[in-house]
Amino acid sequence: KLQRALELFPSYFLALQQLGLLFIEVAKDNLAIETLKKAIAVNPRAAQSHLGLGIAYLNIDHASEAISELNLALSLDSRLFNARLYLGMALITIGKLDEAEKSLKEAYSIGGPVQARAAHLYLASIYDKRKEYQKAITELESYLRENPKAPNAPKIQEAITRLKAKR
């Protein structure tokens, strides 16, 4: 229906944005990028479009472009916890661990344990890379405490055991 709407009205911003976000959900990131760029051309101040574009870039391992778009999204709406979360993820991929840590902590601060609990996993990754094993363990334990029925709980427990052995 969105594609039909765009055939009738090619610059229909909401249809472009929604279609781009749907492409991300079904892992069609290149289509998402193309569609969200069109949405941004219509409305350059659309924080959600920049957020989606940043996520799509991150999904195809273009961290620099992702960081640029995610920062744009945050400049337009500083309350986007998921922009901070994905920014932290992108920063990890290029080795900017201090900046990533800050962004992930801000994501958690804004989104809280329901929306941003994944921040614990990425923070644990940062601390593991820095050999700060106790901090990594604390983050993983916090994740499990906030998400006791997580499908990845056995793997998280294994990671905690491995980290305890490194201390």
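Okay, before we look at anything, one definition: a helix here is a DSSP run of H or I at least four residues long, and a strand is a run of E of at least two, numbered from the N terminus. Also keep in mind that this is a predicted model.

Now the overall picture. The C-alpha trace spans about 60 × 30 × 25 Å along its principal axes. The chain has 167 residues, and 46% of them count as buried. What about contacts across the sequence? Take the contacts between residues at least 6 apart in sequence: 41% of those join residues at least 24 apart.

Let's zoom in on one helix, α9. That's residues 133–146, so have a look for it on the screen. Helix α9 has 14 residues, and from its first C-alpha to its last it reaches 20 Å, close to the 20 Å expected at 1.5 Å a residue. Which of its residues are buried? They are Y133, A136, I137, E139, L140, S142, Y143 and L144. And what do those buried residues pack against? Two other helices: α8, which is 118–129, and α10, which is 153–166.

The chain carries 23 positive and 18 negative charges, and the mean positions of the two sets sit 3 Å apart. How many salt bridges are there? The count comes to twelve. I'll take you through a few of them.

Start with E34 and K38. Their closest N and O atoms are 3.8 Å apart, and that's a salt bridge. Both residues are in helix α3, residues 29–42, and they're four residues apart, about one turn of the helix. Why does that spacing work? An α-helix has 3.6 residues a turn, so residues three or four places apart point the same way.

Next, K102 and E106, whose side chains meet in a salt bridge at 3.7 Å, N to O. This pair lies in helix α7, residues 97–115, and again the two are four residues apart, about one turn. Here K102 counts as exposed because its relative accessibility is 54%, and the cut-off for exposed is over 50%. E106, at 27%, counts as partly exposed.

The side chains of E141 and K164 meet in a salt bridge, 4.0 Å from N to O. E141 lies in helix α9 and K164 in helix α10, so this pair ties together parts that are 23 residues apart in sequence. As for how open they are, E141 is partly exposed, with a relative accessible area of 32%, and K164 is partly exposed as well, at 39%.

One last thing to find on the model. Which residues do salt bridges with shared partners join into one network? Look for D98, E101, K105, R130, E132 and K135.

That's my bit, thanks!

Methods: Residues numbered from 1 in each chain as written. Predicted model: local features only at pLDDT ≥ 70, side-chain atom pairs only at ≥ 80, totals over all residues. Heavy atoms only, no water. Expected span 1.5 Å × (residues − 1). Buried < 20%, exposed > 50% of the residue type's maximum accessible area, 1.4 Å probe, protein only. Contact = heavy atoms within 4.5 Å. Lys, Arg positive; Asp, Glu negative; His and termini not counted. Charge placed at Lys NZ, Arg CZ, Asp CG, Glu CD.
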